[in-house]
Amino acid sequence: MALTEGFDLVLFGGTGDLALRKLIPGLYYRHRDSKDHAAGSRIIAASRQALTREQYLELITESSHKFIRDGDFDERAWQSFTQTIDYLPVDARAAAGFAALAERLRDAAGRTRVFYLSTGSDLFSAICSGLAQAGLVTPQSRVVMEKPLGRDLATSDAINESVGAIFEERQIFRIDHYLGKETVQNLLALRFGNSIFEPLWHRAAVRDVQITLAESVGVEERGEFYDRYGAMRDIVQNHLLQLLCIIAMEPPVSIAADAVRDEKLKVLRALRPFTRETVRSNVVRGQYRAGAIAGKAVPGYLEEPGIPPHSVTETFVSMRADLDNWRWARVPFYLRTGKRMQERLAEIVINFRPVPHFILPGGDSGDVNRLVIRLQPDEGIKLLVLAKVPGADMRTRPVDLDLDFAKTFRTRQWDAYERLIMDVIGGNLTLFMRRDELDAAWRWVDPIQQAWEAQGDRPKPYTAGTWGPTASSALIARDGLAWKEDV
Ligand code: BG6
């Protein structure tokens with residue numbers, strides 16, 4: 001994906017965790033690997049901090065040594081990349097910074113201009129109105145908004161209204177980086193580029209779907225932010241629901257942005273709404289206690305920096321979701337996410353129904369067919385089938401038909417942000433959320449949060465380094481099933 005025209009990218013929150021960890025490294029990779037990278041492209045990092053350009057370059061040079069993979073840091077490429085970077089102190093609530101920004105961008109009014117908002121969403125409206133007042137929003141401008149957008153439907157609506165008064169919907173890129181992951185793209189190829197799966201992608205063949213996004217890290221240095229959001233708003237409302245949409249949607253008529261987004265929206269609208277009672281029976285929330293991960297002792301959530309001593313913020317959620325439509329009626333979708341879990345694992349598991357009548361000898365049953373789409377740690381797709389073990393006896397055991405992306409394609413996997421930033425610059429909205437999708441997601445999540453507030457009890461404790469509270473296993477065991485947990 002080489003860009004032929006220069007662009008200007010203004011990165012608000014330029015000194016923040018996401019910028020240092022993902023965005024700057026992602027932009028570096030694109031600069032390094034695109035031989036004909038558009039000459040004259042500029043990146044202007046902005047934040048409240050009063051840094052000089054040199055100080056900013058020092059900061060990102062140090063962090064990038066940490067966040068760019070060993071062996072990928074090429075000194076010459078880095079030097080040439082940093083020449084494209086500038087820094088500007090901007091206070092989102094004061095006009096001065098925007099005027100200075102206008103001055104920097106004055107010579108390039110006709111270019112693609114990207115405003116990447118990698119700050120808390122409470123600043124999005126102020127930044128956009130600052131841009132508008134400084135005359136910086138051109139028809140070629142785009143704005144990227146990081147998740148979570150607001151804390152509920154009302155706050156998200158308010159942000160969308162004020163941003164929507166300045167940018168047209170075609171200029172607004174609501175980012176969910178899970179959609180940029182290579183395996184998610186591959187899921188689209190798998191579902192819509194092969195004829196063999198579609199006849200099975202249906203309640204008649206699928207028994208249950210499990211989507212897990214488990215992390216072994218805790219809240220790290222983001223305690224204050226995290227405590228205001230929790231796992232439901234940080235992960236379920238966006239990443240897990242987006243994955244569910246890609247799995248469950250009907251085949252779109254094309255890969256064009258609105259064709260895909262129309263189908264995802266229908267999935268979100270088919271999600272069965274929760275009531276106070278069904279929140280109790282179908283949703284588990286947990287909070288980690290001290291424990292050990294890979295043999296190392298780790299503190300509990302309440303001992304992490306920035307966390308109030310009696311916080312009831314959840315660091316774990318698991319739930320049964322139901323889609324009330326023809327394709328998926330009565331097929332449970334189990335969603336699960338947590339911090340400080342036993343392993344870092346993100347995968348989608350599709351369990352097919354067992355054979356109706358099993359005739360083979362041996363201890364196995366005809367209940368093995370499963371498709372595993374793994375996003376992390378090792379990206380790939382596996383299909384589990386029952387096979388005969390070589391030898392005289394008719395002995396069977398489950399085996400994997402295994403597509404390991406790294407081994408098969410032998411090329412560096414792009415980071416999700418690399419792809420998505422290039423999509424923004426290229427104006428491709430397919431992998432970004434439309435406003436109505438976001439509204440539908442909040443509309444489904446809000447009653448869960450409200451039910452928790454009304455219950456007034458604490459999240460269930462789980463020990464760091466496990467797969468969450470026992471109530472989570474009980475939730476799925478009630479349906480006669482179990483979480484797939486082998487990594
Ligand atoms: C972010 C969440 O969106 O996704 C973080 O805010 C989480 O809490 C991260 O750690 C996980 O992303 P990835 O790509 O590392 O799985």
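Predicted model: local features only at pLDDT ≥ 70, side-chain atom pairs only at ≥ 80, totals over all residues.

Student: Which residues surround the ligand?
Tutor: The ligand has around it Lys 147, His 177, Tyr 178, Lys 181, Glu 215, Arg 222, Asp 234, His 239, Lys 339, Arg 344 and Gln 376.

Student: How far is a polar side-chain atom of Lys 181 from an oxygen atom of the ligand? And what about His 177?
Tutor: For Lys 181 the distance is 2.6 Å. A polar side-chain atom of His 177 is 2.8 Å from a ligand oxygen. With Gln 376, an N or O atom of the side chain lies 3.0 Å from an oxygen atom of the ligand.

Student: How much of the ligand's accessible area does the protein cover?
Tutor: On its own the ligand has 390 Å² of accessible area, and the protein covers 83% of that.

Student: Back to Gln 376. What kind of peptide bond joins Gln 376 and Pro 377?
Tutor: A cis one, with omega at about 0°. Pro 377 sits in the loop between strand S14 (370–376) and strand S15 (380–389). Lys 147, another residue around the ligand, is joined to Pro 148 by a cis peptide bond, with omega about -10°. Pro 148 is in the loop between strand S5 (141–145) and helix H6 (153–164). For background, most peptide bonds are trans.

Student: New topic. Where is the kink in helix H8 centred?
Tutor: On Gly 230. Helix H8 covers residues 223–248, and the kink is about 95°. Of the 26 residues in H8, 23 are buried.

Student: How many salt bridges does the structure hold?
Tutor: There are 41. One of them pairs Glu 437 with Lys 264, at 3.1 Å from N to O. That pair links distant parts of the chain, 173 residues apart: Glu 437 is in helix H13 (residues 435–455) and Lys 264 in helix H9 (residues 257–270). Both Glu 437 and Lys 264 are buried.

Student: What about Arg 320 and Asp 479, how far apart are the closest N and O atoms?
Tutor: They are 2.9 Å apart, in a salt bridge. This pair also links distant parts of the chain, with Arg 320 in strand S11 (residues 316–321) and Asp 479 in the segment after helix H14 (470–477).

Student: Why does Arg 320 count as buried?
Tutor: Because its relative accessible area is 17%, and buried means under 20%. Asp 479 is at 30%, so it counts as partly exposed.

Student: Which residues do salt bridges with shared partners join into one network?
Tutor: Arg 30, Arg 32, Asp 33, Arg 69, Asp 72, Arg 412 and Glu 418.

Note on methods:
Residues numbered from 1 in each chain as written. Heavy atoms only, no water. Near = heavy atom within 4 Å. Polar contact = N/O pair within 3.5 Å; in protein donor to acceptor, adjacent residues only side chain to side chain. Areas by Shrake-Rupley, 256 points an atom, 1.4 Å probe, with all protein chains shown as cover. Bend = angle between axes of the 7 residues up to and from the residue. Helix = DSSP H or I, 4+ residues; strand = E, 2+ residues; numbered from the N terminus. Buried < 20%, exposed > 50% of the residue type's maximum accessible area, 1.4 Å probe, protein only. Salt bridge = Lys/Arg side-chain N within 4 Å of Asp/Glu carboxyl O.
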